[in-house]
Amino acid sequence: MSSAAVAKLPKDFIWGFATASFQVEGSTNVDGRGKSIWDDFSKQPGKTLDGRDGDVATDSYRLWKEDIALLAQYGVKSYRFSISWSRIIPLGGRNDPLNAKGIQFYSNFIDALLEHEIVPFVTLYHWDLPQALYDRYGGWLNKDEIVQDYVRYARVCFEAFGDRVRHWITMNEPWCISILGYGRGVFAPGRSSDRVRSPEGNSSTEPWIVGHNVILSHAYAVKLYREEYKPTQKGQIGVTLNGDWTIPYDNSPQSMHAFDPILYCQGWFADPIYLGHYPDYMKQMLRDRLPEFTPEELIVVKGSSDFYGMNTYTTNLCKAGGHDEPDGTQLGKQAHCSWLQDYPQGFRDLLNYLWKRYKLPIYVTENGFAPVKEALQDHDRVNYFKGTTMALKAPFSKTALIVRAYFPWSRYSLLASLDNFEWADGYTTRFGVTYVDYETQMRYPKDSANFLVKWFGDNIESGEKLTNGPPALPQKVAKYSGGRLSLVGRRIVQGLKLDSWLFGSD
């Protein structure tokens, strides 16, 4: 590869949008679905920023045909979505009955994606543990039970969908499962040592136990897939980790000493999975609070991902002390959420670092921006994507293009392409490139959708699907291969100019 950026991405480069089942599906009590830990948690006062829950979300369980038609009109190569464990096994356990209607829903969904030449990229777990497993034995806190139950759930999915799915993600962001769910208590199940926030939990021990059990569940599911399904299904399987690049706040010795380019949210999980051991700094910091792998477990854990799945949004400034925390606005444009700023150089530096450290192809499975003021003319989000997409073409290696896939979060302010339920933020933070009016469930493409469609159309070698991009005014999505779309009431209406009230903040 030359020293200049590559002319175009290879024709097999995967791009699309990403989302999670609880954020978009709604229909939480329909067709036999069991409760997840987010169902009741999101209804508790103060648990979501706007006090709203996921019972309806973007109504994608009902509107899935319309949503796939919209993806097809965007011309995406792939769609990353997650399966709801409790929609497949309502009570979650290895001896509990399956839900045929839930399995059929995802089977139909996958078939429809393939009919539109959209590659399904399936996440098995995106934070929505069946409530019954949490009630039965504490969920992720119980290694002996959760590993077996998760592997059985994975087996059901491999058997039901693996003949058509070639890309599997076992876990989405184990750090969030562990720290936000069992340390800070801001995500379900909301456990924390802070008794104002939670009546139970131990933030000094539980996150490390949960993280350990998540790693083992991931690894044994991968072992199952590789031994029993991959020989015939020919797919890839791995994990997706969250983490952002870090740089020193200034050149002072204190900041330089505090600086570590890959903090524990990445190394905590990446080092065992790719290198076969926990980071030394975690062993020194946690001592006997950090669980140990048995020799037999470590054989299963090491190398248990075919790729590096990377969810990243921003760059963090690192400053010694812990009290006068830098807010990051020195880096670039501030987003609606305080932790996110636009800094494309950090995105590129992180890609480069991960490639050098772990030496596996990188799939960027989430990346996005939520502007302070949301509008169809989302200039700040467009600028954000201009920076990150150009980094995809930068020369990281003389022998290989290390990034194989890119999934903006999210399709909507609804799916990753749509605006959707953003966990503890409720519906106040919008990442999507398609505006969703939550009252009517109507979908409207933003300028960022047009930018991404055009950019990937211009920057992938020939052989990819061609698209005309989001529809021109005032066209509507009118057909779906399974039948006519009803556009009456709560349905997609694309490309329509909206009144000025819609361009304010959410």
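Cys176 has a relative accessible area of 7%, so this residue is buried (under 20% relative accessible area; exposed is over 50%, partly exposed in between, with a 1.4 Å probe and protein chains only). The model is predicted: local features need pLDDT of at least 70, side-chain atom pairs count only at pLDDT 80 or more, and totals for chains, interfaces and linings use all residues. Residues are numbered from 1 along each chain as its sequence is written, and side-chain values use heavy atoms, without hydrogens and water.

**Cysteines**
- Cys157 is also buried, at 0% relative accessibility.
- The disulfide count is zero, where a disulfide is a pair of cysteine sulfur atoms within 2.5 Å.

**Helices α3 and α5**
- Helix α3 covers residues 64-74 and helix α5 residues 100-115. Helices here are DSSP runs (H or I, at least four residues), numbered from the N terminus.
- Their axes come within 10 Å and cross at roughly 25 degrees. Axes are lines fitted to C-alpha atoms over the stretch in contact, and angles run from 0 to 180 degrees between N-to-C directions.
- α3 and α5 are therefore roughly parallel (under 35 degrees; over 145 is roughly antiparallel, 65 to 115 roughly perpendicular, the rest oblique).
- Trp64, Ile68 and Leu71 of α3 contact Phe105, Asn108, Phe109, Ala112 and Leu113 of α5 (heavy atoms within 4.5 Å).

**Helices α5 and α7**
- Helix α7 spans residues 143-161. α5 packs against α7 at about 45 degrees, with axes 10 Å apart.
- This pair is therefore oblique.
- Ile103, Tyr106, Ser107 and Ile110 of α5 meet Val156, Ala160 and Phe161 of α7.

Definitions and conventions
Helices (H or I, at least four residues) and strands (E, at least two) are DSSP runs, numbered from the N terminus.
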